[in-house]
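Let me put the thing up on the screen and then walk you through it.

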There are 4 protein chains.
Amino acid sequence: MVVVMQPGATGAEIELVCQTIEEHGLEVLRMPGNVMAIGIPSAIPPDLRDPLQQKLEILPGVSKVTQVSRSYKLASREFHPSDTVVTVGGVSFGGPTIQVIAGPCSIESYEQLKAAATAVRSAGATVLRGGAFKPRTSPYAFQGLAVEGLQIMKQVGEEVGIRTISEVMSPEMVGVVAEHVDILQIGARSMQNFPLLIEAGKSDHPVMLKRGPSATIDEFLLAAEYLLSHGNSKVLLCERGVHPLDRGYTRNTLDLSAVPVLKHHSHLPVVVDPSHGTGFARYVPAMSCAAVAAGADALMIEVHPDPRHALSDAAQALTSEGFADLMKRLQAFAAAVGRPLSGTERYAAAN
Amino acid sequence: MVVVMQPGATGAEIELVCQTIEEHGLEVLRMPGNVMAIGIPSAIPPDLRDPLQQKLEILPGVSKVTQVSRSYKLASREFHPSDTVVTVGGVSFGGPTIQVIAGPCSIESYEQLKAAATAVRSAGATVLRGGAFKPRTSPYAFQGLAVEGLQIMKQVGEEVGIRTISEVMSPEMVGVVAEHVDILQIGARSMQNFPLLIEAGKSDHPVMLKRGPSATIDEFLLAAEYLLSHGNSKVLLCERGVHPLDRGYTRNTLDLSAVPVLKHHSHLPVVVDPSHGTGFARYVPAMSCAAVAAGADALMIEVHPDPRHALSDAAQALTSEGFADLMKRLQAFAAAVGRPLSGTERYAAAN
Amino acid sequence: MVVVMQPGATGAEIELVCQTIEEHGLEVLRMPGNVMAIGIPSAIPPDLRDPLQQKLEILPGVSKVTQVSRSYKLASREFHPSDTVVTVGGVSFGGPTIQVIAGPCSIESYEQLKAAATAVRSAGATVLRGGAFKPRTSPYAFQGLAVEGLQIMKQVGEEVGIRTISEVMSPEMVGVVAEHVDILQIGARSMQNFPLLIEAGKSDHPVMLKRGPSATIDEFLLAAEYLLSHGNSKVLLCERGVHPLDRGYTRNTLDLSAVPVLKHHSHLPVVVDPSHGTGFARYVPAMSCAAVAAGADALMIEVHPDPRHALSDAAQALTSEGFADLMKRLQAFAAAVGRPLSGTERYAAAN
Amino acid sequence: MVVVMQPGATGAEIELVCQTIEEHGLEVLRMPGNVMAIGIPSAIPPDLRDPLQQKLEILPGVSKVTQVSRSYKLASREFHPSDTVVTVGGVSFGGPTIQVIAGPCSIESYEQLKAAATAVRSAGATVLRGGAFKPRTSPYAFQGLAVEGLQIMKQVGEEVGIRTISEVMSPEMVGVVAEHVDILQIGARSMQNFPLLIEAGKSDHPVMLKRGPSATIDEFLLAAEYLLSHGNSKVLLCERGVHPLDRGYTRNTLDLSAVPVLKHHSHLPVVVDPSHGTGFARYVPAMSCAAVAAGADALMIEVHPDPRHALSDAAQALTSEGFADLMKRLQAFAAAVGRPLSGTERYAAAN
């Protein structure tokens with residue numbers, strides 16, 4: 001942390017800054033030009049950084065206080081240089097294989113989910129997605145089948161032989177969702193639902209954390225830090241689009257540069273969701289290929305056996321055929337980054 | 001809802017659009033220029049609007065589908081023309097008086113809260129704020145005193161004779177928080193925590209809903225619609241700043257134009273929080289005056305008896321003296337909008 | 001500038017950082033924890049700051065490079081503590097009086113401008129606005145009367161006895177516009193038209209610089225710095241709204257907190273344009289009052305004698321009657337901030 | 001255009017809406033539920049759309065006015081279904097080949113540009129970039145060599161046998177820049193510099209138009225419409241990143257979904273600039289590959305023979321070796337989209 005004083009700052013004002021820093025047990029380095037630095041930035045306890053900055057900013061004569069080190073630690077590659085690999089039921093995220101998660105937005109019925117699961121598995125997906133509890137902007141929209149949906153997912157997952165993921169929206173539901181699915185999803189609108197993060201952090205179930213629609217990279221990694229600091233190290237980061245400049249053409253702006261940024265600054269696996277990221281099925285194939293090219297470890301794609309009759313997010317779901325075509329197309333991009341694509345052997349055998 | 005077809009759309013494509021609309025029991029109006037409209041926009045059931053738009057958007061030959069009516073209803077002034085007044089313990093929001101909510105960011109101790117409550121009440125505030133459960137971006141920051149904090153608030157509120165407000169962060173805590181405070185606060189990061197909205201909607205406690213940092217007006221009013229549609233009509237809307245262009249000068253961008261916009265389109269009382277809205281105590285007085293001038297029904301202001309030793313958000317808290325000065329300054333602005341300021345008589349008597 | 005090295009940085013990597021800094025004639029301070037600071041931040045030549053930061057960021061072993069001082073100088077209050085007052089034809093901006101600039105979006109005819117000028121002057125405005133060259137998003141929209149419009153403005157200004165302001169859009173037009181009007185306006189979309197800034201900077205005509213729709217405070221003050229550093233010290237800053245979260249309710253988000261921020265960090269007068277800032281006449285009165293309460297030195301308001309037949313921006317123009325009402329209403333807010341309102345005596349006399 | 005009236009709108013209010021529409025020579029369709037539509041949206045003259053919407057919005061009793069058709073025409077694929085191919089000196093944009101434009105941010109000297117040109121040409125680039133007039137946020141930053149820079153570029157282009165592109169910043173410089181380079185670049189901060197667009201629109205030189213940092217897709221295509229409607233059909237669209245959520249990790253947010261969106265809605269070739277789009281050389285390779293995967297027709301990449309001594313934008317420039325490596329890596333992604341990469345044969349021959 002560096003404190004720059006105003007040009008005419010008095011000796012007493014400088015003294016008060018030094019004293020405030022020292023009261024917190026930190027050493028002050030006085031530099032020329034009325035600048036004070038706190039020695040060894042990484043030695044300032046993380047829980048002191050923001051409060052101390054704020055206390056210094058309000059002192060008389062202070063021009064600007066700047067933090068010079070990152071605010072997260074466990075999520076940082078500097079403290080954990082090698083890639084984290086999260087493995088669930090034989091499916092590894094963050095290793096060489098590019099995994100594909102696919103399935104409908106909402107679980108609507110056993111028949112619908114079974115059809116979707118069969119289709120996506122045969123095309124190569126290794127994890128089935130589907131919402132039982134749906135976060136909906138409008139209270140009048142379909143809210144999901146709740147626990148009944150989870151039971152359908154558990155049954156279908158076992159019958160089809162595919163791992164499963166579903167969203168959990170409140171802390172007290174973490175246990176129930178974990179009993180039914182392999183991976184807990186924390187949605188974009190829950191990224192800073194701290195009681196939920198703490199509860200999921202105490203679980204030993206893998207968690208896929210989606211980036212909030214206006215979350216900075218720091219806020220995203222600090223949300224992951226909640227999970228990690230409460231003991232859960234099986235964390236997947238998911239980019240799903242940020243608040244767009246306008247909503248005339250896409251529902252969100254898929255921030256693909258977050259992929260290399262997160263891979264550079266963090267050791268956690270990175271998933272990309274081009275379905276929510278764009279909101280239109282017609283853009284999903286291009287953005288899926290681009291996500292793989294950008295270095296994503298996994299994709300999450302909405303597929304509905306019959307989008308015209310879907311109960312939610314019809315516009316962004318691929319048909320089963322569209323998804324199978326996309327999986328074929330992705331082979332070349334996976335090859336271009338030198339990584340196998342999820343389900344390739346199975347897929348190759350089936351075709 | 002209006003569907004515009006592409007220039008060369010075929011008769012079969014037009015037919016499929018009409019058929020899709022009619023399948024939902026709606027009447028189609030065919031207009032010149034390959035445009036189809038759905039009769040009586042307000043007659044489309046709210047839960048059909050988004051799904052239907054999405055289904056139409058994916059049909060072949062369709063150029064653009066546009067919704068022409070608002071997506072919220074109970075929160076809308078069109079359906080509830082007169083102002084809603086929410087009264088709690090003799091304090092009315094949305095009536096003539098401009099109310100002032102004040103107090104520390106976090107409840108730190110009985111002594112701290114008592115000092116704050118005494119100071120803000122004597123300066124004219126009618127509601128005491130203070131966080132017991134704190135949503136903190138970093139897991140390493142002070143997380144609040146939890147239930148112990150609520151008990152302190154209840155005691156201090158009774159001793160000082162002031163109404164109270166505190167944040168609730170998860171659905172299962174709604175009951176406990178409601179037992180201790182007069183108004184439930186739903187924070188910005190919880191604005192789309194739908195299970196929490198539903199639970200608070202079932203309560204008969206007044207709820208102050210803060211706008212999310214990237215929430216559009218529609219998303220904000222739809223979140224209020226959750227509360228209203230689950231039976232709770234005592235809803236206050238709070239503007240507290242949206243995601244800023246940069247964070248070099250303010251923590252958020254206080255969107256004061258939201259005040260006249262919300263007053264025009266909704267009947268609910270509007271509160272402004274200039275402390276979070278700017279993040280710096282030095283800008284709070286100017287923005288408090290501006291909020292009153294813009295038509296706000298209430299202000300929410302952070303006050304700490306000793307900001308230099310606050311455990312959270314030190315930079316944005318006024319001192320007790322700074323708050324008393326601000327209350328004096330606000331008199332003239334309240335007078336300019338022709339409304340009494342909270343605690344004026346008491347304040348006038350005390351000075 | 002502070003350079004934080006990665007935890008495992010080698011001695012050679014640290015050496016290269018030090019050497020790169022010293023190559024630029026700057027002194028290096030080595031601090032504990034592998035941190036290097038450059039002595040006396042304000043001593044780094046402004047033109048070196050960004051290039052040097054970029055060169056250091058790409059060196060091996062570097063974790064983060066942070067600038068600790070502001071990038072503008074002449075526009076900064078730290079280097080020019082007292083308020084700048086810009087006076088044009090007896091009208092002073094940045095002094096005690098709150099000035100009001102008013103008039104139509106576009107100059108459409110002599111009759112229209114004369115009617116507008118007469119109306120706004122009799123209500124108290126001291127400067128007449130009106131566009132001769134119109135920046136229009138669509139090439140199909142009305143583009144203005146060009147030089148003919150300027151001639152009308154000059155004539156009307158003289159006949160009515162009111163100062164004038166009009167936009168200049170390209171460097172080669174600075175001279176022509178300056179011959180016809182009292183204040184040059186540089187529009188939001190031209191805020192980073194650097195050849196235009198340089199040409200206007202060489203002029204001795206007052207310049208009102210509008211903030212770009214996504215400009216940060218630093219970018220805005222650096223644009224002002226272009227004008228100042230080329231010799232023109234008569235600069236007005238104008239907040240006119242930034243890119244909105246959505247365009248469903250307002251055309252822009254008027255960032256009123258920019259007013260106290262600019263007044264704190266700069267010595268230049270601050271104007272607020274609530275007409276473009278909101279885009280709807282119905283919100284202009286509330287936001288005008290709020291701007292005065294927030295500390296604005298002047299307002300710029302669109303007024304059209306007949307908005308229903310305006311050639312541009314009809315939705316945001318007040319009628320002459322609406323403007324006269326607003327001026328009456330503003331008196332109380334000007335009084336509340338302890339400042340006279342433009343044209344008060346004249347207005348008082350006329351009523 | 002569709003006008004929805006408020007629930008209690010009177011017959012007179014409805015009549016005034018109809019009359020206002022008819023005054024403009026348009027036919028009104030009265031629909032059930034107090035909704036009025038204007039027949040044949042595409043028949044409303046483009047220059048009437050915004051003004052008419054604004055006039056209707058201010059009428060009493062009107063709830064909402066919605067435009068249902070796009071505001072651009074010549075740039076739209078609906079009116080020009082086949083891809084436009086822009087060919088300059090044998091290099092075609094928008095055809096099968098993916099072109100690569102490369103070179104330094106600024107032209108610093110003959111030696112520097114010659115070295116860069118030789119390096120990028122031998123690695124496969126077909127167009128040389130380099131700024132002679134530099135738009136710089138700070139007036140203290142290096143502003144470019146101006147006409148001397150253009151002369152160097154012309155000479156180097158001829159000697160090395162490579163096409164050239166450079167930025168033009170004001171209308172009066174269009175002719176001079178066009179004499180020296182093959183393609184005119186209009187920068188992001190000039191996207192709505194309308195006099196410049198008009199002048200470049202009258203030229204018959206190819207123009208690459210960069211998207212403004214907060215420009216919506218509509219605003220971007222309307223800026224292209226300026227060029228097209230003034231007669232220049234050789235227009236390239238360039239995505240270069242939009243205003244980011246924060247600047248802590250990238251300088252901009254590269255909006256790659258704009259690539260498939262633009263390809264769907266427009267017929268013009270699309271270029272992606274990952275150098276400005278991210279601001280850091282380390283992210284440029286990943287985002288270049290992603291851009292090709294997303295369907296870009298060309299890339300524009302900053303390359304500097306010696307980034308450590310560059311006069312501008314050092315952090316985002318690849319070295320000559322880094323660029324050659326990237327070109328090799330891009331081969332696989334070009335192959336995956338089934339398109340040849342610029343300079344492949346030459347490159348293949350040289351290696």
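This is a predicted model: local features need pLDDT of at least 70, side-chain atom pairs count only at pLDDT 80 or more; totals for chains, interfaces and linings use all residues.

Before anything else, one bit of bookkeeping: I call a residue buried if 20 or more other C-beta atoms lie within 10 Å of its own, exposed if 12 or fewer, and partly exposed in between, with C-beta atoms placed from the backbone. Take B:Glu179: it has 12 C-beta neighbours inside 10 Å, so it counts as exposed.

Residues are numbered from 1 along each chain as its sequence is written, while chains are lettered from A and ligands numbered from 1 in the order in which they are written.

Back to B:Glu179. That residue sits in helix H5 of chain B, residues 174-180. When I say helix or strand, I mean DSSP runs numbered from the N terminus: helices are H or I with at least four residues, strands are E with at least two. B:Glu179 is 29 residues from B:Leu150 in sequence, and their C-alpha atoms are 9.0 Å apart in space.

B:Ala146 isn't a glycine, and yet its phi is positive, near 60°. Where does B:Ala146 sit? In the loop between strand E8 (127-129) and helix H4 (147-160) of chain B. B:Ala146 is partly exposed, because it has 14 C-beta neighbours inside 10 Å. Chain C has one too: C:Ala146 has a positive phi of about 60°, in the loop between E8 (127-129) and H4 (147-160) of chain C. With 14 other C-beta atoms within 10 Å, C:Ala146 is partly exposed.

While we're in chain C, have a look at the sheet. Strands of a sheet pair through backbone hydrogen bonds, either parallel or antiparallel. Here we have an open sheet of four strands in the order E2-E3-E1-E4, with antiparallel pairing; two strands pair if DSSP finds at least two bridges between them. The edges are E2 (28-31) and E4 (62-66) of chain C, each pairing on one side only. From one strand to the next, the twist averages 20°. Strand E1 of chain C, residues 2-5, is joined to E4(C) by four bridges, and the partner of C:Met5 in E4(C) is C:Val62.

Next, helix packing in chain D. Two packed helices are described by the angle between their axes and the distance between the axes. Helix H3 (110-123) and helix H4 (147-160) of chain D have axes that come within 10 Å and cross at roughly 35°; axes are lines fitted to C-alpha atoms, for helices over the stretch in contact, and angles run from 0 to 180 degrees between N-to-C directions. From H3(D), the contact residues include D:Leu113, D:Ala117 and D:Arg121, and from H4(D) they include D:Ile152 and D:Val156. Contact here means C-beta atoms, placed from the backbone, within 7 Å. The residues of that contact split into seven nonpolar, one polar and two charged. For those classes, Ala, Val, Leu, Ile, Met, Phe, Trp, Tyr, Cys and Pro are nonpolar, Asp, Glu, Lys and Arg are charged, and the others, Gly among them, are polar.

Now the interfaces. How many residues of chain B touch chain A? It's 42 residues of chain B against 42 of chain A. H2(B) gives the most to chain B's side, with seven residues, and that side has 19 nonpolar, 12 polar and 11 charged residues.

Then chain D with chain A: 32 residues from chain D and 33 from chain A. H10(D) supplies the largest share of chain D's side, six residues, and that side divides into 19 nonpolar, nine polar and four charged.

Technical notes. Two residues are in contact if their C-beta atoms, placed from the backbone, lie within 7 Å.
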